[in-house]
Amino acid sequence: MTSTAAELLEVLWGRASTAPASASQLRVLLILEHHEGINLRTLADSLASTPPSTSRLCDRLQAAGFVDRVVSPSDRREVRLHLSDRGRAFLDDLRQRRQRELRAVLDVMPAAKRAALLEGLEAFCDAAAGQIHHEADSEARSA
């Protein structure tokens, strides 16, 4: 059921269209939103990608006006990545479009089922966040 729900969610979000950003580019934007000012190597590690591939992704996002590159004040060889105002506006708009698609589905669900879904999603988010933070802490200790 979880896989089916995830696939249906992808279809609904597809209706909201992530254009002009690809799924990989969207992932970069979301990472930058939560890790403002990270460097290219850290971003590449987060994407499980290579720095050259990640750099090309960022080139396209910068050309679209979604990402700004800033030379680090502490090391001129290091470039910090920031979500631009246009990138933030894009993510805000995308979230609003996705919420409209979800709202249309939720509106036809009985209230009791919506409440149960909310309770289940809250528990899922808590468990997933805990697992992600635990993994990040483990990686930080081993580095």
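This is a predicted model: local features need pLDDT of at least 70, side-chain atom pairs count only at pLDDT 80 or more; totals for chains, interfaces and linings use all residues.
Which helix holds Ser55? Keep that in mind while you set up the view.

Residues are numbered from 1 along each chain as its sequence is written, and side-chain values use heavy atoms, with hydrogens and water left out.

**Whole chain**

Show the cartoon. The protein chain has 6 helices and 3 strands. Helices (H or I, at least four residues) and strands (E, at least two) are DSSP runs, numbered from the N terminus. Trace the order along the sequence: α-α-β-α-α-β-β-α-α. Along the principal axes, the C-alpha atoms fill a box of roughly 55 × 35 × 20 Å. Of the 143 residues, 23% count as buried. Buried means under 20% relative accessible area, exposed over 50%, and partly exposed in between (1.4 Å probe, protein chains only).

**Stop 1: Ser55**

Select Ser55. It sits in helix α4, residues 51–63. Ser55 is buried, at 19% relative accessible area. Display Leu40 and Arg69: Ser55 touches both, not counting residues up to four places away in sequence. Contact means heavy atoms within 4.5 Å.

**Stop 2: two loops**

Go to Ala48, in the loop between α3 (40–47) and α4. Check its backbone: phi is positive, about 55°, although Ala48 is not a glycine. Ala48 is exposed, with a relative accessible area of 74%.

Now pick Ser72, in the loop between β2 (67–71) and β3. Ser72 counts as buried, at 4% relative accessibility.

**Stop 3: helix α5**

Select α5, residues 85–106. Its 22 residues should span 32 Å at 1.5 Å a residue, and the end C-alpha atoms are 31 Å apart, which agrees. The expected span is 1.5 Å times one less than the number of residues.

Which residues of α5 are buried? Colour Gly87, Phe90, Leu91, Leu94, Arg97 and Arg98. An α-helix has 3.6 residues a turn, so residues three or four places apart point the same way. The buried residues of α5 pack against α1, α2 (23–34) and β3 (79–83). On the other side of α5, Asp85, Gln99 and Arg100 are exposed.

**Stop 4: the largest pocket**

Centre on Ala5, Leu9, Leu102, Leu117 and Leu121. Of the 16 residues lining the largest pocket, these lie nearest its centre. A pocket is an open set of points on a 1 Å grid over the protein atoms alone, where a 1.4 Å probe fits, with protein on both sides within 12 Å along at least five of seven lines; lining residues have an atom within 4 Å of a point. The elements giving two or more lining residues are α1 (2–16), α5 and α6 (111–142). α1 gives the most, with 6 residues. The lining divides into 14 nonpolar residues, 2 polar and no charged. Ala, Val, Leu, Ile, Met, Phe, Trp, Tyr, Cys and Pro count as nonpolar, Asp, Glu, Lys and Arg as charged, and the others, Gly among them, as polar.

**Last stop: Val11**

Pick Val11, in helix α1. Val11 is partly exposed, with a relative accessible area of 48%. Draw a distance to Arg77: the two C-alpha atoms are separated by 42 Å.
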